[in-house]
Amino acid sequence: MQLEKMITIEVTDFCNLHCKMCSQGKSEMPHGVPKGFLSFETWINIIKGLKNFEGPNTLTPFWIGEPLLNKDFKQMMTYAFENNNNNQLFTSITINTNGALLTKEISDEFLRLASLHNQNKSTFGRIHFSIDAINPETFQKIKGSNDLKKINENIIYFLEKRRDLKLKYPNITIAFIVMEENKNEAKEFLDFWEKELKKYNEDIEIAPDWPRTKLDTIYIRRLDDWEKQEEAEKMHKEVCVDLDIVKDTEKRIIKTTSVLGFEDKIIRRPCPALWRTPIIYRNGDVSVCCIDIYMKNKIGNVNEKSLNEIWNSELLKKWRIAQIEGKFEESGPICGNCGNAFGPFLTDKYIINYLKDIKRDDLINGYLKRIKND
């Protein structure tokens, strides 16, 4: 059974903004070491290593930093797309950016890559813009920058150019993380961007959760704050209800992700990260989880082994089995006290098929017994 891989590649941990809700903005060394850049050589090793990596694969060249700060980023994207014949390496790419450095030159190149005929039209799937404010004063307060006007202009240039080229992709996401500082301008933000996006496409999505459609999207997003997550969830829900963008509000109470007791009656299941989210640090080290900012769950390095070898290693197989058996403290150094312990999980069908694939049918009954009361 194939499972889509979401491959995160950190091209830098530098950023040109200082967002108050981001670990980048809270620390001069978000990974605990001096900041740096992914080399073009390591990028080549990653891309070449995807040739035998079972997909479908989505690449996200982003983690903590702003990817456009890497001087080689445009060249990296060009190399990836021009070598992705018939989508043999990856099926899609999503870029996360604050938009401040999205020059006309870079927009033009991105749209050229999106129009290449050596792969599916939807391969350059989405550019996710983190905006979070409509008023310059709020933007300055949240992100420590006066670049809001320039960012809006960069996005609008991209939309105009995409329209002129008669391209549907990349879709774009305009994100607004709900916080105390900006919650009162959510309506103004939504109205402005809804009007702008509809100049280029009448069909857009307004989403209270990650975009599910292949449309340009305004994403009213919840704040991830492990210390005050319940409060953040309530604030997000209140804003979404006020904006009338979620109908089944009583059903959509997001489960608190803390292990401190909010969901202590739920039986913890295997985390999908160990099966589908390779995280590649800028020096080539590979982890399994985007929360692992100190790379404690390192399982290999793409400059020494291919991603395929790393992802199918005996070590990771051992950690996956520990997850299936409910021995989370044995499934990697950070997994025992995970802050997302009751987040998304794999289906029972997938787990059973995985155990059959690795010839561990003997674990199936034990797994089903463990989770039967959930």
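1. Ile 177 stands opposite Arg 221 in strand E7. The strands concerned, E5 and E7, pair in the parallel sense over 5 bridges; two strands are said to pair if DSSP finds at least two bridges between them. Strands (E, at least two residues) and helices (H or I, at least four residues) are DSSP runs, numbered from the N terminus. This is a predicted model, in which local features need pLDDT of at least 70 and side-chain atom pairs count only at pLDDT 80 or more, while totals for chains, interfaces and linings use all residues. Residues are numbered from 1 along each chain as its sequence is written, and side-chain values use heavy atoms, with hydrogens and water left out.

2. Strand E7 also pairs with E6. This pairing, between E6 and E7 (residues 216-221), is parallel and runs over 4 bridges. Within it, Ile 206 stands opposite Ile 218 in E7, and Ile 204 has Asp 216 of E7 as its bridge partner. Strand E7 is mostly covered, with 5 of its 6 residues buried. Buried means under 20% relative accessible area, exposed means over 50%, and partly exposed lies in between (1.4 Å probe, protein chains only).

3. These strands belong to an open sheet of 10 strands with mixed pairing, in the order E6-E7-E5-E4-E3-E2-E1-E8-E9-E10. Strands E6 (204-207) and E10 (300-301) stand at the edges; each has a single partner strand, so one side of each is left without a neighbour in the sheet.

4. Which residues of helix H7 are buried? They are Ala 186, Phe 189, Leu 190, Trp 193, Glu 196 and Leu 197. These residues cover an arc of only 140° around the axis, which puts them on the same side of H7; the arc is that of the directions from the helix axis to the C-beta atoms. As background, an α-helix has 3.6 residues a turn, so residues three or four places apart point the same way. The buried residues of H7 pack against helix H6 (148-164), strand E5 (171-177), E6, E7 and helix H8 (229-243), where contact means heavy atoms within 4.5 Å.

5. Helix H7 (residues 186-197) has 12 residues. From its first C-alpha to its last it reaches 16 Å, close to the 16 Å expected at 1.5 Å a residue. The expected span is 1.5 Å times one less than the number of residues in the helix.

6. In helix H4 (residues 104-114), the buried residues are Ile 106, Ser 107, Glu 109, Phe 110, Leu 111, Leu 113 and Ala 114. They pack against helix H3 (73-82), strand E3 (92-97), strand E4 (124-130) and H6.

7. Neighbours within four places in sequence aside, Phe 110 is in contact with Leu 68, Phe 73, Met 77, Ile 95, Leu 102, Phe 124 and Ile 127.

8. How many salt bridges does the structure hold? There are 24, a salt bridge being a side-chain nitrogen of Lys or Arg within 4 Å of a carboxyl oxygen of Asp or Glu. In one of them, the side chains of Lys 20 and Glu 181 meet at 2.4 Å, N to O. Lys 20 lies in the loop between strand E1 (5-9) and helix H1 (23-26), and Glu 181 in the loop between E5 and H7, so the pair ties together parts that are 161 residues apart in sequence. Lys 20 counts as partly exposed at 40% relative accessibility, and Glu 181 counts as partly exposed at 28%.

9. Arg 112 forms a salt bridge with Glu 82, with the closest N and O atoms 3.0 Å apart. This pair links distant parts of the chain, since Arg 112 is in helix H4 and Glu 82 in helix H3, 30 residues apart. Arg 112 is partly exposed at 33% relative accessibility, and Glu 82 is partly exposed with a relative accessible area of 41%.

10. A further salt bridge joins Asp 285 and Lys 298, whose closest N and O atoms are 3.2 Å apart. Asp 285 counts as buried at 10% relative accessibility, whereas Lys 298 counts as partly exposed at 40%. Finally, Arg 221, Arg 222, Asp 224 and Glu 233 are linked in a network of salt bridges.
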